[in-house]
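I am opening a notebook on this structure. The entries below record what I looked up, one topic at a time.

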Amino acid sequence: MDIISGEALLLLFCFMLSCFLIFTITRSGRNSHGAFVLPPGPPRLPIIGNIHLVGKHPHRSFAALSKTYGPVMSLKLGSLNTVVIASPEAAREVLRTHDQILSGRSPTHAIRSISHQDASLIWLPSSSARWRLFRRLSVTQLLSPQRIEATKALRVNKVKELVSFISESSDREESVDISRVSFITTLNIISNVLFSVDLGSYNAKASINGVQDTVNSVMGAVGNPDAANYFPFLGFLDLQGNRKTMKVCTERLLRVFRGFIDAKIAEKSSQNNPKDVSNNDFVDNLLDFKGDETELNISDIEHLLLDMFTAGTDTSSSTLEWAMAELLRNPKTMVKAQAEIDRVMGQKGIVKESDISELPYLQAVVKETFRLHPPAPLLIPRKAESDVEILGFIVLKNTQVLVNVWAIGRDPRVWENPSQFEPERFLGKEIDVRGRDYELTPFGAGRRICPGLPLAVKTVSLMLASLLYSFDWKLPNGVDSENLDMDETFGITLHKTNPLHAVPVKKH
Ligand code: HEM
């Protein structure tokens, strides 16, 4: 009996000592000996740590917790050490000062289930030679200013098709599903720059919904909270079904890509004369690529296409949808944006990319949309490659680092009236989304900054300007602007839960 109570006392003592140490260590940047300590964070439950605090909208839960624990906050998600960043100063430390150490990635269970982390520009660590090769190829062969300039007519044409589809809906006095049509447009822009094919059609409802749903399912499987992200040994159980979804959906997309790649290989081998390379698309360039030491095989090309599809379609189209939703909720802002476009465009008929530089208010609308609705609210999870100090706190090697750009975009210490949609705040200011202003980094920053940024900004601005130039917009009967629902669903990207429907009225 004495022995048992002695052991119990010892255990109780150890427990209280650990609580005391955790409490004192997590309160401040340095302990009493001046050594760096872990960032503060909420108390942890045995085994699960803080998983119970994540919820359906992690960016919102983390934003609320950061108000208590500060801009560099520790969470223990099962076995996964996580640090959440929630201020421009801390974001600058992560994305600039310690960019090299913090440019690893923490692949999620769904990514690991298809071994995509070994073949993906998005998920390989930036220290790997393959990442450097994929990044260089993507930038030089697809996303350099010259390549983007070379495909500007393609974007204008795809947006023209969008406008003419909406015109027909307007003739029939039908509302338009903005989510669907903006996805089709960005899908066709991306599929044409990748392999010169339209994958989407405004009229073939069934087939396009297939691709949009497939891309959405992939994003959901990658980003949804998943027990196996927190306890890797549970992976084989696939409790949330993310592994299954990921396998089925990526297999579907890879099969489509393989068809196009095979057709191109067959075309190349049947050609006697070398093809005119000025019309080359991304896949042509990758098939022609001869590396010094590094080989690029067909599977690498497929995985690169998967990256471009998942990263490039849904992000741009959902930005357009949020922009339109905000403008429909704020009719005066919509009128102001349209007045600017009408003044600059007059009777020109078609908006071109060169017109966008003349539209500062429209550019401000796009920035304001990125501030309130960053498509990747926690960026893409990064990982510390070694121990590193952030604002006086130690971030241990292998910690997952999430930059909560959603929280930074709505922080009242950074923005006046943070929850209001007020594009005016950007007028006459230098602040931009290009990774130099840490209060607004929807594309990340540093060596892992989104390589698709210039293409995305051009595509979103052109689509938005064209929709506002060609049509007036109203909400369907029974929906009023003040109560327009703005519910969001978190995958790795943030969607409007219920697709936006709006009624176009032709202006010209
Ligand atoms: C509105 C549109 C878009 C947004 C908001 C966006 C946002 C992001 C973000 C936040 C990251 C992670 C950055 C970081 O870790 O610091 C990223 C990475 C990436 N994005 Fe985008 N993106 C968009 C469009 C595109 C487009 C159009 C493409 C290509 C066609 C693209 C391709 C990629 C790729 C390949 C990566 C991974 C880069 C790497 O890890 O090295 N994105 N994007």
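**Entry 1: strand E9 and its sheet**

I began with E9 and found four bridges joining it to strand E12 (residues 501-506), the two running antiparallel. I take helices (H or I, at least four residues) and strands (E, at least two) as DSSP runs, numbered from the N terminus. Two strands count as paired if DSSP finds at least two bridges between them.

I noted that this is a predicted model, in which local features need pLDDT of at least 70 and side-chain atom pairs count only at pLDDT 80 or more, while totals for chains, interfaces and linings use all residues. Residue numbers run from 1 along each chain as its sequence is written.

I looked up two bridge partners in E12: Phe471 has Lys506, and Lys474 has Val503. I then checked the side chains along E9 (residues 471-474), which alternate. A residue is buried here if 20 or more other C-beta atoms lie within 10 Å of its own, exposed if 12 or fewer, and partly exposed in between, with C-beta atoms placed from the backbone.

The open sheet has three strands in the order E4-E12-E9, with antiparallel pairing. Its edge strands are E4 (176-177) and E9, each pairing on one side only.

**Entry 2: the five-stranded sheet**

I traced another open sheet, of five strands in the order E1-E2-E8-E5-E3, and its pairing is mixed. Strand E1 (72-77) and strand E3 (104-105) are at the edges with a single partner strand each, so one side of each has no neighbour in the sheet. E3 pairs with strand E5 (residues 382-383) in the antiparallel sense over two bridges. Arg105 stands opposite Arg382 in E5.

I also found helix H3 (residues 88-97) lying across E1, strand E2 (80-85) and strand E8 (400-403), at about 130° to E8. Axes are lines fitted to C-alpha atoms, for helices over the stretch in contact, and angles run from 0 to 180 degrees between N-to-C directions.

**Entry 3: the core**

Which residues have the most contacts inside the largest nonpolar core? I listed Ile85, Val94, Met324, Val403, Leu464 and Ala465, in a core of 121 residues. Helix H19 (residues 453-470) supplies its largest share, eleven residues. Such a core is a set of buried Ala, Val, Leu, Ile, Met, Phe, Trp, Tyr and Cys residues joined through C-beta atoms within 7 Å.

I followed Ile85 and left aside its neighbours within four places in sequence; its contacts include Pro71, Ala90, Val94 and Val403. Contact means that the C-beta atoms, placed from the backbone, lie within 7 Å.

**Entry 4: two helices**

I checked helix H14 (residues 314-329) against helix H17 (residues 360-372): their axes come within 9 Å and cross at roughly 105°. H14 is therefore roughly perpendicular to H17, a label for angles of 65 to 115 degrees. Thr319, Trp322, Ala323 and Glu326 of H14 make the contact with Val365, Val366, Thr369 and Phe370 of H17.

**Entry 5: Pro43 and totals**

I found Pro43 in the loop between helix H1 (2-27) and helix H2 (58-69). Is Pro43 buried or exposed? Pro43 is exposed, because 11 other C-beta atoms lie within 10 Å. Pro43 and Leu75 are 32 residues apart in sequence and 8.9 Å apart in space, C-alpha to C-alpha.

For the whole protein I noted 19 helices and twelve strands. Buried residues make up 44% of the 508 residues.

Key
Contact = placed C-beta atoms within 7 Å. Parallel < 35°, antiparallel > 145°, perpendicular 65-115°, else oblique.
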